[in-house]
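Biologist: Can we walk through this one together? Show me what you have.

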Amino acid sequence: MKNDCLFCAIAAGEIPGRKAYEDDKCLAFYDIAPQAPVHFLVIPKEHIASVAGIDDTNSAVVAHIFEVISRLTKELGIESYRVVSNIGEQAGQSVPHLHFHVLSGRDMTWPPG
Ligand code: AMP
């Protein structure tokens, strides 16, 4: 756990989040400012700053997170959705702890803004 990291604090249960799923490796919780009718985030419990911090020592959790996304969306009855991860300020990353947005429930445009 990294000090002063918002998502580490949510993963540790120190700051409440509206949980969608949890296991020993990851947590899914609903975004506080949803950008679609369904908008949750999936994070590793281990602190990784972004996709740019993934390497051969920690990449297994990413495969696990995508398994969770595939299963959880099916359980929620979601068939079409978008998975997004912003890396760095210019791309819109505001919380420096790896997270995958899962957005669904409305038409999406492409390319994203
Ligand atoms: P990003 O801007 O890609 O780094 O995504 C960070 C996301 O975290 C944003 O969509 C925020 O709305 C969301 N967020 C920030 N604080 C919280 C919180 N306390 N609980 C749930 N979501 C949050």
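Modeller: One term before we start: a contact means heavy atoms within 4.5 Å. And this is a predicted model.

Biologist: Fine. Which residues does alanine 49 touch, leaving out those up to four places away in sequence?

Modeller: Gln93, Pro96, His97 and Leu98.

Biologist: Where does alanine 49 lie?

Modeller: In the loop between strand 3 (38-44) and helix 2 (60-75).

Biologist: Buried, partly exposed or exposed?

Modeller: Alanine 49 counts as partly exposed, because its relative accessibility is 37%.

Biologist: How far is alanine 49 from aspartate 24 in space?

Modeller: 19 Å, C-alpha to C-alpha. In sequence the two are 25 residues apart.

Biologist: New topic. How many aromatic pairs in the whole structure?

Modeller: The search finds 3. One of them is tyrosine 30 with phenylalanine 40, edge-to-face, at 5.8 Å centre to centre and 75° between the planes.

Biologist: Which parts does that pair tie together?

Modeller: Tyrosine 30 lies in strand 2 (residues 26-30) and phenylalanine 40 in strand 3, so the pair joins parts 10 residues apart in sequence. Phenylalanine 40 is buried at 0% relative accessibility. Tyrosine 30 is partly exposed at 22%.

Biologist: What sits over the ring of tyrosine 30?

Modeller: The charged end of arginine 18, 4.1 Å from the ring centre.

Biologist: And phenylalanine 66 with phenylalanine 100, what is the geometry there?

Modeller: Ring centres 5.1 Å apart, planes at 70°. Edge-to-face needs over 60 degrees, so this pair qualifies. Phenylalanine 66 is in helix 2 and phenylalanine 100 in strand 5 (residues 100-104), 34 residues apart.

Biologist: Is phenylalanine 100 buried or exposed?

Modeller: Buried, with a relative accessible area of 6%. Phenylalanine 66 is partly exposed at 38% relative accessibility.

How values were computed
Residues numbered from 1 in each chain as written. Predicted model: local features only at pLDDT ≥ 70, side-chain atom pairs only at ≥ 80, totals over all residues. Heavy atoms only, no water. Helix = DSSP H or I, 4+ residues; strand = E, 2+ residues; numbered from the N terminus. Buried < 20%, exposed > 50% of the residue type's maximum accessible area, 1.4 Å probe, protein only. Phe/Tyr/Trp six-rings, centres within 6.5 Å; stacked < 30°, edge-to-face > 60°. Lys NZ or Arg CZ within 6 Å of the ring centre and 35° of its normal.
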